[in-house]
Amino acid sequence: MKKLLVLAMFLPFLQADAQKLIGGKNIIKWNVGSMAARNLHFTYERSLTKNISFSLSYRTMSKGALPFKDQFKEAINSNDINLDNFQIGNTAITPELRFYLSMGRMKGFYLAPYVRFATFDLGAPIKYTASTSPLVEKEAVFNGKIKSTSAGLMIGYQFQIATKIVLDFQIIGGHYGTSKGDLNFASTLNSFEQAELKKNLDEIDAKPFKFTNTVNSSGAQIKSDGPWAGIRAVNIGLGIRF
């Protein structure tokens, strides 16, 4: 009986310590699913009220081969872009507000409006004829960046799976915005090569993007302007709460 009395006296303190362990207003997460697309993606989330939090995500992908190449081949109607040698890298910063609909602080279903600022580093090889006798084909590699700003909404569910571990199940999201870019190719071109490269650039059809180009004896430039859309598909974030 004496032991039970002592335990009862300390129970409030034990409960307070347990709540402190499980709680915490901060979460740092690693987005595990992004590794499939060669991305490293990390998020910091901070609770503002019982049902609202703010998060900031950073994503980076080193420049390399184009992922999901077959889908790009369907979207871009041109045989003059060599997608097999296409290079792409990117970084993105995404601030986000989360509105949790149940279960309390940073737990349960949430709706998350967000803004994404992304930069894509490209190396786009464009084929052109350098000579017809004999036939010689070359590639003009256009290097540069496309920057986009877009806004969207994501739906997800966040679990507390251990005292300090959370699992963020991002169900679906989408964003829409605008983009602009400049890609440059530097090389000495004769008049025949300029005409051939100009012809191939004019034939590129990448609607709804608008491409404008200039070609001269020292190389060429492509300017890109148009809408930007993306989907945040099913993904899982693994986090530590503190």
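Biologist: Quick one to start: where is the place of Glu-196?

Modeller: Glu-196 is in helix H3. Keep in mind that this is a predicted model.

Biologist: Buried or exposed, that Glu-196?

Modeller: Glu-196 counts as buried, because its relative accessibility is 17% and the cut-off for buried is under 20%.

Biologist: What about Gln-194, where does that lie?

Modeller: Gln-194 lies in helix H3. Leaving aside neighbours within four places in sequence, Gln-194 is in contact with Leu-189, Val-215, Asn-216 and Ser-217.

Biologist: Let me zoom out. How many helices and strands does the protein have?

Modeller: There are three helices and ten strands. Reading from the N terminus, the elements go α-β-β-β-α-β-β-β-β-α-β-β-β.

Biologist: What percentage of the residues count as buried?

Modeller: Of 242 residues, 39% count as buried. The accessible surface is about 13,800 Å², and carbon and sulfur atoms account for 64% of that.

Biologist: And what share of the contacts join residues at least 24 apart?

Modeller: That's 67%, taken among contacts between residues at least 6 apart in sequence.

Biologist: On to the core. Which members of the largest nonpolar core touch the most other members?

Modeller: Phe-86, Phe-142, Leu-197 and Leu-201, in a core of 27 residues. Two or more residues each come from S4, S5, S6, S7, helix H3 (191–202) and S9. S5 has the largest share, with seven residues. Another core, of eight residues, lies apart from it and includes Ile-27, Tyr-100, Tyr-110 and Ala-112.

Biologist: Which residues is Phe-142 in contact with, leaving aside its neighbours within four places in sequence?

Modeller: Quite a list: Leu-122, Gly-123, Ala-124, Ile-126, Leu-183, Asn-184, Phe-185, Leu-197, Leu-201, Ala-220, Gln-221 and Ile-222.

Biologist: Ala-140 next. Which strand is Ala-140 in, and is Ala-140 buried or exposed?

Modeller: Ala-140 lies in strand S6 and counts as buried, at 0% relative accessibility. Ala-140 and Ala-186 are 46 residues apart in sequence, with their C-alphas 8.4 Å apart in space. Beyond neighbours within four places in sequence, Ala-140 is in contact with Ala-124, Pro-125, Ile-126, Tyr-128, Phe-185 and Leu-197.

Biologist: Changing topic: how much space lies in the largest pocket?

Modeller: About 1,600 Å³. The lining of the largest pocket has 48 residues, with Phe-72, Ile-88, Phe-120, Trp-228 and Ala-229 nearest its centre.

Biologist: Which elements give two or more residues to the lining of the largest pocket?

Modeller: They are strand S3 (52–65), helix H2 (69–75), strand S4 (87–100), strand S5 (108–132), strand S6 (135–160), strand S7 (165–186) and strand S9 (219–232). S9 gives the most, eight residues.

Biologist: How does the lining of the largest pocket split by class?

Modeller: There are 31 nonpolar, 13 polar and four charged residues.

Biologist: And cavities? How many of 30 Å³ or more does a search of the whole structure find?

Modeller: One. The largest cavity holds about 70 Å³ of space. Its lining has 14 residues, and the closest to its centre are Lys-29, Asn-31, Thr-43, Asp-168 and Gln-170.

Biologist: Which elements supply at least two residues of the lining of the largest cavity?

Modeller: Strand S1 (26–31), strand S2 (40–47), S4 and S7 each do. By class, the lining of the largest cavity has three nonpolar, six polar and five charged residues.

Biologist: Last one, backbone. Which residue has a positive phi although it is not a glycine?

Modeller: Met-106, with a phi of about 55 degrees. Met-106 lies in the loop between S4 and S5.

Biologist: Is Met-106 buried or exposed?

Modeller: Met-106 is buried, with a relative accessible area of 1%.

Technical notes:
Residues numbered from 1 in each chain as written. Predicted model: local features only at pLDDT ≥ 70, side-chain atom pairs only at ≥ 80, totals over all residues. Heavy atoms only, no water. 1 Å grid on protein atoms, 1.4 Å probe; cavity = no way out; pocket = protein on both sides within 12 Å on 5 of 7 lines; lining within 4 Å. Points joined across faces, edges and corners; volume = space filled by probe spheres on them. Helix = DSSP H or I, 4+ residues; strand = E, 2+ residues; numbered from the N terminus. Nonpolar A, V, L, I, M, F, W, Y, C, P; charged D, E, K, R; others polar. Core = buried A, V, L, I, M, F, W, Y, C linked by side-chain atoms within 4.5 Å. Buried < 20%, exposed > 50% of the residue type's maximum accessible area, 1.4 Å probe, protein only. Contact = heavy atoms within 4.5 Å. Areas by Shrake-Rupley, 256 points an atom, 1.4 Å probe, with all protein chains shown as cover.
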